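Biologist: Please take one part of this model and go through it closely, for someone who has not seen it before.

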Amino acid sequence: MSTANTKKFEPLQHHFANLNQQYECASLGMWLFLVTEILFFGGIFLAYTIYREMYPDAFAAGSHHLSILLGCINTAVLISSSFTMVMAVHTARLGKKHATTWFLLLTLILGCVFLGIKAVEYTEKFTHHLVPNNTFHFEGFDGPGIRIFYSIYFALTGLHALHMVIGAVILVIIMIQNMQGRFSAEYNSPIDMFGLYWHFVDIVWIFLFPLLYLLGRHA
Amino acid sequence: MSAHSHDSQHHGGIGIYVIILTALLVLTAVTVWAAFIDFGRFNTVIALAIAFFKATLVMLFFMHLKGSSGLLKLFVLSAFAFLAVLIGMTLNDYATRHWGSQLEKDSWITRSPHHYADAPASSANAAQHH
């Protein structure tokens, strides 16, 4: 299954002088994409900031209702998946194909665990009428702003989860390509570039977790 | 032909990755612990400081920014510079809206707007369902 693919595939695109130049260009392009992603999420973080200043009590009540345990587990899971991802990049650079496959698989599993826990949290919110639609009802806090908290919660975590789903799909593709022997110690930038994306998604969660789950806890 | 300038020797190996993993997990525990103590306004500052530190660790070591070109570092810094403009300039407006106003303290950004309090469509709907 590997022979046809490896023979046809030429890592170096004709418009690059060498693989190193190609790698530098790919890195710059990937980071440029991530820069736009930072500003993309930044807009929602800004909305969060303004509305939390407007409705501090509602936001405190809202974050009290989120499960800190599930949030903690998910943070640990995602950080661990970042570690397995960087190990996949590391082993790919050393040309250890089988180790790379295993680390990519571990990353995929951890990503799916994260999404599974997220699904449990979302289900809980749907059954308790905490989705900001016309059946929205929050016990214990009666005031404006609580709907806004849940709108922002779903916007931020939903977009983050969407990034995770897209990441999982790309991860499967890269893993198959790796098993087919497309990558080597000389050419492995797709794994490298995907790693950048995966770590970015991890960074978004690093900010989401304290802002949504933790702030307002002490009150 | 080979792309050795971005090879693993350039960015350290498994050891440093394990250290960063441990640091990230410990910092997660610290940020949870700190959230339960009342530092007043500083709870937000502490949470954001830890989050930025964790993000920096991820970018420098997991995303290999440490061994990258100056151009790439400038790119990443520009992202945060524009983020600072986005958030800073907007808050510059919101945080100063009450200046010179007679309503003063309680209207920092109109804490509880009347039009929300008068027509609580959400709670009315919710009451029907329960």
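Modeller: Among contacts in chain A between residues at least 6 apart in sequence, 79% join residues at least 24 apart; two residues are in contact if their C-beta atoms, placed from the backbone, lie within 7 Å. This is a predicted model, in which local features need pLDDT of at least 70 and side-chain atom pairs count only at pLDDT 80 or more, while totals for chains, interfaces and linings use all residues. Residues are numbered from 1 along each chain as its sequence is written, and chains are lettered from A and ligands numbered from 1 in the order in which they are written.

Chain A has seven helices and zero strands; helices (H or I, at least four residues) and strands (E, at least two) are DSSP runs, numbered from the N terminus. The C-alpha trace of chain A spans about 65 × 30 × 30 Å along its principal axes. Of the 219 residues in chain A, 43% are buried, meaning that 20 or more other C-beta atoms lie within 10 Å of the residue's own, with C-beta atoms placed from the backbone.

Trp198(A), in helix 7 of chain A, is buried because 28 other C-beta atoms lie within 10 Å. Leaving out residues up to four places away in sequence, Trp198(A) touches Ser82(A), Met85(A), Thr107(A) and Gly167(A).

Now the contact between the chains: chain A gives 47 residues and chain B gives 55 residues. On chain A's side, helix 2 (19-54), helix 4 (68-93) and helix 7 (189-214) each supply at least two residues, and helix 2 gives the most, with 16 residues. By class, that side has 27 nonpolar, 13 polar and seven charged residues. Ala, Val, Leu, Ile, Met, Phe, Trp, Tyr, Cys and Pro count as nonpolar, Asp, Glu, Lys and Arg as charged, and the others, Gly among them, as polar.

Helix 4 of chain A packs with helix 1 (residues 14-35) of chain B at an angle of about 170°, their axes 10 Å apart. Axes are lines fitted to C-alpha atoms, for helices over the stretch in contact, and angles run from 0 to 180 degrees between N-to-C directions. The two helices are therefore roughly antiparallel, the word for angles over 145 degrees. Among the residues that meet here are Phe83(A) and His90(A) from helix 4 of chain A, and Tyr17(B) and Val32(B) from helix 1 of chain B. The residues of this helix contact divide into twelve nonpolar, three polar and no charged.

Technical notes: A residue is buried if 20 or more other C-beta atoms lie within 10 Å of its own, exposed if 12 or fewer, and partly exposed in between; C-beta atoms are placed from the backbone. Angles under 35 degrees count as roughly parallel, over 145 as roughly antiparallel, 65 to 115 as roughly perpendicular and the rest as oblique.
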